[in-house]
Amino acid sequence: MDGNGRWAQQQGKKRVFGHKSGVESVRSTVTTARKLGVKALTLFAFSSENWQRPEEEVSVLMELFMLVLNREVKRLHKNDIRFQVIGDVSRFSDKLQEKIRAAEQLTENNTGMVLSVAANYGGRWDIANAAKQLAAAVANQEMQLNDIDENALDRFTSLTNMPDLDLMIRTGGDHRISNFLLWQAAYAEFYFTDVLWPEFNEDEFIRAVDTFTQRERRFGKTGEQVKQQP
Ligand code: IPE
Ligand code: MG
């Protein structure tokens with residue numbers, strides 16, 4: 001979800017105004033995803049590197065996170081959406097951590113869609129964290145060294161048990177992953193748009209999904225092999 005700051009600045013407003021407007025895009029994206037039958041939606045809200053931003057901006061982002069949790073969780077629950085936060089939440093305030101836990105608990109049995117919000121998240125952190133847990137399992141003799149393979153590591157990553165990542169959308173004009181779902185993106189389709197996040201609405205989302213449906217996904221095979229598959 002990139003481009004909040006620039007969107008605000010284009011209108012002569014402060015960057016934080018863009019973050020506030022971006023909340024509306026989050027709302028519409030969640031609603032549209034649910035409507036389209038998307039099974040899992042993961043939003044990159046705050047990276048491990050975003051702490052380096054000016055203090056005022058970081059604190060507005062934290063307040064917004066809190067506000068949105070308070071305001072929207074009931075609606076998520078009503079729409080059968082399971083909510084979870086991925087990332088190292090231990091750096092957030094106790095109050096925020098408490099809210100996150102409550103929202104996760106309330107919605108844990110919902111099956112319509114999984115909404116994961118990546119907060120204090122980094123793709124490298126995710127992989128390193130999984131490696132650490134694997135090492136612990138071997139050290140405790142719950143696992144053997146030879147049990148370590150891609151599936152074993154995957155089980156300790158933050159989106160384990162989720163469907164494979166099909167489509168990664170980045171708004172705001174930059175063409176990079178910025179340490180988002182590195183492990184999970186192995187076979188994802190990428191969609192980059194210049195649209196700034198506050199302007200990313202239902203039409204834009206559907207445009208991205210339409211593009212995705214036209215891609216030929218070969219997963220290492222040839223085009224002919226893929227076409228022959230039932
Ligand atoms: C929003 O966009 C994403 C967050 C990190 C919360 P930005 O704040 O990165 O906006 P730009 O890229 O400066 O326009
Ligand atoms: Mg940015």
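A backbone N or O atom of arginine 6 lies 2.6 Å from an oxygen atom of ligand 1. This is a predicted model: local features need pLDDT of at least 70, side-chain atom pairs count only at pLDDT 80 or more, and totals for chains, interfaces and linings use all residues. Residues are numbered from 1 along each chain as written, chains are lettered from A and ligands numbered from 1 in written order, and side-chain values use heavy atoms, without hydrogens and water.

**Ligand 1**
- Ligand 1 is surrounded by 13 residues, and the closest are Asp2, Gly5, Arg6, Arg15 and Arg53 (a residue is near if one of its heavy atoms lies within 4 Å).
- Glycine 5 places a backbone N or O atom 2.9 Å from a ligand 1 oxygen.
- For asparagine 4, the corresponding distance from a backbone N or O atom to an oxygen atom of ligand 1 is 3.1 Å.

**Helix α4**
- Leu96, Gln97, Ile100, Ala103 and Thr107 of α4 are buried (under 20% relative accessible area; exposed is over 50%, partly exposed in between; 1.4 Å probe, protein chains only).
- Those buried residues fall within an arc of 125° seen down the axis, so they line one face of α4 (the arc is that of directions from the helix axis to the C-beta atoms).
- On the other side of α4, Asp94, Lys95 and Gln105 are exposed.
- The cover over the buried residues includes α3 (55–78) and β2 (81–86).

**Nonpolar cores**
- The largest nonpolar core has 29 residues; Val30, Phe65, Leu69, Phe83, Leu96 and Leu115 touch the most other members (a core is a set of buried Ala, Val, Leu, Ile, Met, Phe, Trp, Tyr and Cys residues joined through side-chain atoms within 4.5 Å).
- α3 gives the most to this core, with eight residues.
- Beyond four places in sequence, leucine 96 is in contact with Met62, Phe65, Met66 and Leu69 (heavy atoms within 4.5 Å).

**Threonine 193**
- Threonine 193 sits in the loop between β5 (189–192) and α7 (202–214).
- Its relative accessibility is 10%, so threonine 193 counts as buried.
- Leaving out residues up to four places away, threonine 193 touches Arg170, Thr171, Gly172, Gly173 and Phe200.

How values were computed. Helices (H or I, at least four residues) and strands (E, at least two) are DSSP runs, numbered from the N terminus. A polar contact is a pair of N or O atoms within 3.5 Å; within protein, one must be able to donate a hydrogen and the other to accept it, and residues adjacent in sequence count only if both atoms are side-chain atoms.
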